[in-house]
Amino acid sequence: MKQYTKDKQCPFKKCGGCDLRDFSYAAQLELKQKEINDLLKQFGTPEPIKGCRTPDHYRNKVQMAFANNQREVVYGNYMPQSHTLTPVKDCMIADRKANKIFEDIADIWNELRLSVFQERSGNGFLRYVMVRHSEKTGQYMVVFITGNAGFPKKDIVLKTLLQRNPYIKTVVQSVNNRPTSVILGKNTFTLYGNGYIEDELCGKKFRISPASFYQVNTAQTEVLYKTAVELGKFRKDETVIDAYCGTGTIGMIVSDYVKEVTGVELNLSAVKDAEYNAKINKVKNISFICEDAGKHMENLASSGKTVDAVIMDPPRSGSDERFLESLVLLGPKKIVYVSCNPETLKRDLEYLAKEGYCVMKIQPVDMFPYTSHVETVVLMTKKYINRN
Ligand code: SAH
């Protein structure tokens, strides 16, 4: 089963990022298929996993830590639970231009003798750099995560960086001097451009701000969202809740096929982005609510309201009891569950199966080549209703 990818081996094996880097892409898909088949077998036979056409360099968001290696500034990743940085040049899952931007920033730091943050003392300036981009619009965003707010030699840094990488549309600085695994800090300033970039998915535009949740593999996100639409078999007279909607991506794509969508999301800045996205796409039949998704459905159910379908895309921890209880109370005909964690998916499907829902289809999608993460879309319908 274990197959080395001779021509595509990652030279930096210690960064902790890609746990399946030693397997050929075909072998990775086989592993993921087996995991889903084994884990979810009580619910039926999963469909063959939808793999990526081009599994290398797929990430549209990449972050690298910056540190000193003797006299030189280098960048890479910290191994989990470690303060030792593994230099990573030409990361094989990062976008190629993002790799070039990291290299240029390290060169500029070395040329101008600028400082990097020291984890131990809390002194020094540059901590991380995050690069996000859109393949469709060609726009790039660079976020400097720094230990303090001043930016030494800012003008020359920006001028050189933009000259070498003219596709950069915005540069942002985020200050974070706390010892935390969360990379972005609370104070964020736009240094160049308007602080966000735009992407297109399934024919709709989406604004991406530095902290927005946005799927990292754009090509496969289209596959994932189209799968959710296909499985839902939505109709023009249906009302839909897009629970855990983030910036409204899935709901906005589904809105073309249904009467009305309500997106529910806990994070206020994601809701603001979602409202902006609805406006620029002129989507009139969608609205967003900033609330706990379970609480929202509880209120709907207790006021006697119903919906035809709920699309749910929870974080890795899956849904909580409150969500699942209120979902059952609300009783939609269809549930489309988009999951990034098969273990919590299984747990939640077990709950819903006991409460009268039937698993009709299980479709794994590979969003994260070279890592063992698997995304899965599941259609459940209320028992005793016609499949079509
Ligand atoms: N569907 C979106 C985002 C999925 S990520 C997309 O595909 O882009 C999961 C989202 O759930 C995050 O935006 C997170 O802020 C939100 N979230 C987490 N717990 C929540 C809760 N209890 N109620 C509503 N939203 C929640």
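How many aromatic pairs does the structure hold? The structure holds 9 aromatic pairs, where rings of Phe, Tyr and Trp (its six-membered ring) pair if their centres lie within 6.5 Å. This is a predicted model, in which local features need pLDDT of at least 70 and side-chain atom pairs count only at pLDDT 80 or more, while totals for chains, interfaces and linings use all residues. Residues are numbered from 1 along each chain as its sequence is written, and side-chain values use heavy atoms, with hydrogens and water left out.

**Aromatic rings**

- The rings of Trp109 and Phe144 have centres 5.8 Å apart and planes at 25°, so this pair is stacked (planes under 30 degrees apart count as stacked, over 60 as edge-to-face and the rest as tilted).
- Because Trp109 lies in helix H2 and Phe144 in strand S5, the pair ties together parts that are 35 residues apart in sequence; helices (H or I, at least four residues) and strands (E, at least two) are DSSP runs, numbered from the N terminus.
- Both Trp109 and Phe144 are buried, which stands for under 20% relative accessible area, with exposed over 50% and partly exposed in between (1.4 Å probe, protein chains only).
- Trp109, Phe125, Phe144 and Phe151 are linked into a cluster by ring pairs.

**The open sheet**

- An open sheet of 7 strands has the order S3-S2-S1-S4-S5-S6-S7 with mixed pairing, and two strands pair if DSSP finds at least two bridges between them.
- Strand S3 (85–87) and strand S7 (187–192) stand at the edges with a single partner strand each, so one side of each is left without a neighbour in the sheet.
- Strand S1 (residues 61–69) and strand S4 (residues 126–133) run antiparallel and are joined by 5 bridges, and Val62 has Val131 in S4 as its bridge partner.

**Helices H2 and H3**

- Helix H2 (residues 96–112) and helix H3 (residues 154–164) pack at an angle of about 145°, with their axes 10 Å apart; axes are lines fitted to C-alpha atoms, for helices over the stretch in contact, and angles run from 0 to 180 degrees between N-to-C directions.
- The contact (heavy atoms within 4.5 Å) is made by residues including Ile101, Ile105 and Trp109 of H2 and Ile156, Val157 and Leu161 of H3.

**Helix H8**

- The buried residues of helix H8 (residues 321–330) are Phe323, Leu324, Ser326, Leu327 and Leu330.
- Gly331, whose phi is positive, near 65°, follows H8.
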